[in-house]
Amino acid sequence: MRFLIFGPPGSGKGTQASKIAETYMISHIDFGTILRDHLQKNTKLGKEIAKYNIEKGNLIPDDLAIEILEDRLKEKDAKKFGFVLEGFPRTLAQGIAIDNFLKKSRLKLDAVININVDEDLLVKRLMSRRVCANCGESYNLLTNPPKQDDICDKCGGKLVTRDDDKEQVIRKRFRVFKAQTEPAINFFRKMENIIDIDGNRSVDEVFIQIKQKLDKMVK
Ligand code: AP5
Ligand code: MG
């Protein structure tokens with residue numbers, strides 16, 4: 001199975017993609033995390049990505065994003081198990097590129113998920129998000145706090161705030177989403193298999209909506 005998951009920053013793409021990956025036994029590919037890993041490890045690609053200041057809410061250029069994504073989709077797990085892809089495409093050009101890549105590889109998307117959430121709720125959620133610097137597990141001080149302050153329940157790693165989770169940067173990411181990513185969503189909307197989800201509800205309520213709709217589509 002292959003799914004794309006769209007939504008503004010903080011809409012719960014990562015949260016829901018993890019649950020989808022577990023439920024349907026497919027890979028969760030989080031494009032933003034791939035970029036941050038390259039930056040942290042200071043790889044050759046990381047040095048290139050660093051030029052574009054993603055921590056300030058800027059996108060990396062389409063050519064670079066498409067190259068990184070295509071390499072990731074060619075990996076064994078994505079081919080063998082399928083995937084739920086978060087954070088890509090983020091522009092119309094990226095949308096067209098992945099559509100072409102899948103057609104060339106004779107692969108089809110099973111569904112495109114689009115999560116909608118109000119801007120002020122996104123800001124509130126992201127300002128209270130903490131992530132584990134070691135394993136990447138995500139927490140929320142308001143809705144899903146760790147058992148011990150600043151410590152990951154899973155691995156004992158230190159919990160940190162993402163560099164781009166500052167109010168000004170969150171609002172910029174939201175503007176970038178409206179201007180750049182909505183055209184990509186509209187491109188996929190022309191296909192029948194897009195599902196719109198109300199993401200203003202609790203994590204479990206959102207997942208129930210997604211699962212009910214996906215189950216009908218993948219049967
Ligand atoms: P990326 O990492 O993808 O960030 P984003 O799209 O801004 O979205 P987030 O990952 O911050 O939010 P999310 O929707 O996954 O929400 P989450 O589940 O964590 O990208 C970062 C940057 O990289 C971009 O800004 C750009 O610069 C660059 N980049 C990435 N992809 C690119 C591309 N294709 N091309 C060019 N540049 C690119 O949830 C958020 C919080 O809310 C958590 O704390 C969670 O616990 C909580 N929460 C979630 N759901 C609920 C709920 N229903 N109720 C209550 N709390 C909830
Ligand atoms: Mg995410």
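Okay, quick definition to start: a helix axis here is a line fitted to the C-alpha atoms over the stretch in contact, and the angle between two axes is taken between their N-to-C directions. Keep in mind that this is a predicted model.

So, on to the helices. Helix H4, residues 62-73, packs with helix H6, residues 92-104. Their axes are 10 Å apart, and the angle is about 30°. Angles under 35 degrees count as roughly parallel, so H4 is roughly parallel to H6. And the hand of that crossing? H4 and H6 cross in a right-handed way.

Next, the sheet. Strands in a sheet pair through backbone hydrogen bonds, parallel or antiparallel. Ours is an open sheet of three strands, ordered S6-S5-S7, with antiparallel pairing. Which strands stand at the edges? Those are S6, at 138-140, and S7, at 159-160; each has a single partner strand, so one side of each is left without a neighbour in the sheet. Let's look at one pair: S5, residues 129-132, is joined to S6 by three bridges. Val 131, for instance, has Ser 138 in S6 as its bridge partner.

Last stop, empty space. Rolling a probe the size of a water molecule over the atoms shows where there is some left. We get one cavity of 30 Å³ or more, and the largest cavity holds about 70 Å³. Who lines that cavity? Among them are Ile 5, Phe 6, Lys 13, Arg 90 and Phe 177. Strand S1 (2-6) and helix H8 (167-189) each give at least two residues to that lining. By class, the lining has five nonpolar, three polar and two charged residues.

Conventions. Residues numbered from 1 in each chain as written. Chains lettered and ligands numbered in written order. Predicted model: local features only at pLDDT ≥ 70, side-chain atom pairs only at ≥ 80, totals over all residues. Heavy atoms only, no water. 1 Å grid on protein atoms, 1.4 Å probe; cavity = no way out; pocket = protein on both sides within 12 Å on 5 of 7 lines; lining within 4 Å. Points joined across faces, edges and corners; volume = space filled by probe spheres on them. Helix = DSSP H or I, 4+ residues; strand = E, 2+ residues; numbered from the N terminus. Nonpolar A, V, L, I, M, F, W, Y, C, P; charged D, E, K, R; others polar. Pairing = 2+ DSSP bridges. Axes fitted to C-alpha atoms, helices over the stretch in contact; angles between N-to-C directions. Parallel < 35°, antiparallel > 145°, perpendicular 65-115°, else oblique. Left-handed = near helix turned anticlockwise from the far one by under 90°.
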